[in-house]
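Subject: Structure handover

Hello,

My notes on what I found follow below it.

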Amino acid sequence: LLDFAGTGSLTPSHVAGSSPTITFTRSTVGWDFGSNGLLQSFAVDTPRFGYDQVTLAAKGLLIEPAGTQILATADIRDMTTANWTLGATMTRARTSVGADGVASSATRLTAGAVAATNIITTLITAAASSRTYSALVRRVTGTGVIRMTQDNFATNTDVTALVPADGAYHLVSLNQSQLNAVMGFKLDTNTDAIDVDFNQFEAGAVASSRMATTGVARGTDLLLYTLGTWYNAVQGTLYTEWFNPANNAATLAIADFNDATSNNVINNYLTSSTIAGVSGVDGGVIQYSLTAASITGGAIAKSVNIFSANNFAGFANQTSLGTDAAGTIPTVTRLEVGSQVGGFQLGSYIRKIVYYPIRMNNAIAQSLTA
């Protein structure tokens with residue numbers, strides 16, 4: 001049992017046999033919200049157990065791919081620099097407590113009387129490519145519309161609903177493919193004010209965890225467990241519980257057994273924010289691959305992979321992923337969490353993994369995913 005959300009630890013419990021060797025690596029610091037609701041940095045090779053910054057509920061273990069912050073370091077937390085251009089009726093001051101609890105580390109933006117010039121923007125000179133602008137935003141006063149842009153407000157995205165008046169910082173983001181992006185914020189209503197911290201601009205369709213410096217700012221999270229006498233080479237059941245990415249269109253790993261290659265794998269994964277799957281590959285040949293649209297983006301999801309020779313099945317959120325009555329079991333050497341052979345990082349939180357050294361009855365296995 002790996003109860004990451006429950007224990008905040010990588011150490012397994014209920015191990016029948018020799019305990020596995022645990023290896024966790026990340027070549028850089030990483031950021032996430034701690035149990036006190038404040039954003040904090042985690043040292044090199046230190047796992048991140050994240051919490052909801054409002055409810056303080058444990059989310060689980062965050063596993064992400066490497067990330068590159070495109071914004072200059074000075075502009076990430078300070079929107080009073082020369083690179084940020086202020087509209088005629090917007091005012092700014094770096095006087096607010098930041099998402100990490102540090103005084104005068106975030107920028108307060110206050111709207112004036114003319115909505116069209118209540119803006120602040122910065123320019124990134126680059127070819128058009130799918131990139132995501134994101135920031136942590138806290139509402140200070142007012143109830144008016146908060147907008148984001150990447151094209152200097154030729155178009156914009158209304159993020160008002162993502163920033164409730166609860167005193168907490170909330171993540172807002174906008175994905176676009178824009179030549180020479182001019183990105184920033186606009187406030188529609190006079191005297192409205194927001195605090196903004198940890199601006200981020202990065203490649204890809206989804207905002208990742210915060211990066212406080214420019215360049216290659218976050219290394220890849222990699223978590224491995226060696227197999228021991230607790231592992232059954234001929235049958236088993238692999239249960240996973242995770243916080244499902246809200247906007248995903250790629251194949252991502254939740255947990256899998258492998259031999260450090262993609263030739264021998266037993267895998268729980270997803271192909272989008274709505275489709276979960278289980279599969280097995282032996283000697284480079286797919287033995288079974290079962291998927292179904294059964295999960296919801298932005299919510300907790302559960303899946304189970306049950307396997308023995310010629311008898312495979314899977315379930316996700318109680319929905320059957322299908323069965324397969326032909327195939328062999330690969331020889332594997334390790335359990336990899338949130339990635340597969342160093343890639344396909346989930347980019348989200350793993351809450352729990354349970355391995356049973358038996359092939360469960362289908363109905364019992366399905367009930368695990370309720």
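First, a definition: buried means under 20% relative accessible area, exposed means over 50%, and partly exposed lies in between, with a 1.4 Å probe and protein chains only. By that rule E336 is buried, with a relative accessible area of 0%.

The model is predicted, so local features need pLDDT of at least 70 and side-chain atom pairs count only at pLDDT 80 or more, while totals for chains, interfaces and linings use all residues. Residues are numbered from 1 along each chain as its sequence is written, and side-chain values use heavy atoms, with hydrogens and water left out.

Salt bridges

The criterion is a side-chain nitrogen of Lys or Arg within 4 Å of a carboxyl oxygen of Asp or Glu. The count comes to 13 salt bridges.

E336 has R334 as a salt-bridge partner, and their closest N and O atoms are 3.3 Å apart. R334 is buried too, at a relative accessible area of 16%.

R48 and D221 also form a salt bridge, with the closest N and O atoms 2.7 Å apart. This pair links distant parts of the chain. R48 sits in strand β4 (residues 48-51). D221 sits in the loop between β17 (215-218) and β18 (222-226), and the two are 173 residues apart. Helices (H or I, at least four residues) and strands (E, at least two) are DSSP runs here, numbered from the N terminus. R48 counts as buried at 0% relative accessibility. D221 counts as buried at 0% relative accessibility as well.

R77 is buried at 15% relative accessibility. D100 is buried with a relative accessible area of 16%.

There is also a network: salt bridges that share partners join R26, R48, E64, R218 and D221.

Nonpolar cores

A nonpolar core is a set of buried Ala, Val, Leu, Ile, Met, Phe, Trp, Tyr and Cys residues joined through side-chain atoms within 4.5 Å. The largest has 39 residues. Which members touch the most other members? They are F4, L223, F257, V337 and I350. Strand β20 (residues 252-258) gives the most to this core, with four residues. A second, separate core has 25 residues, including I120, A135, V172 and F201.

Contact means heavy atoms within 4.5 Å. Leaving out residues up to four places away in sequence, L223 touches F4, L10, I22, T23, F24, L61, I63, L335, E336 and V337.

Aromatic pairs

Rings of Phe, Tyr and Trp (its six-membered ring) pair if their centres lie within 6.5 Å; planes under 30 degrees apart count as stacked, over 60 as edge-to-face and the rest as tilted. The count is nine aromatic pairs.

Y231 and F257 have ring centres 4.9 Å apart and planes at 55°, so this pair is tilted. Y231 is in the loop between β18 and β19 (235-243), F257 is in strand β20, and they are 26 residues apart. Y231 counts as buried at 13% relative accessibility. F257 counts as buried at 0%.

Y231 and Y355 have ring centres 5.4 Å apart and planes at 25°, so this pair is stacked. Y355 lies in strand β28 (residues 348-356), so the pair ties together parts 124 residues apart in sequence. W230, Y231, F257 and Y355 form one aromatic cluster.

N268 is in strand β21 (residues 265-270). N268 counts as buried at 0% relative accessibility. Its side chain reaches the backbone oxygen of L238 at 3.1 Å. Beyond four places in sequence, N268 touches residues including L238, T240, A253, G277 and S303.

Five strands form an open sheet in the order β7-β10-β15-β12-β13, with antiparallel pairing. Strands pair if DSSP finds at least two bridges between them. β7 (85-86) and β13 (157-158) stand at the edges with a single partner strand each, so one side of each has no neighbour in the sheet. Strand β12 (residues 146-149) pairs with β13 over two bridges in the antiparallel sense. R147 stands opposite D158 in β13.

Best wishes

Notes: Polar contact = N/O pair within 3.5 Å; in protein donor to acceptor, adjacent residues only side chain to side chain.
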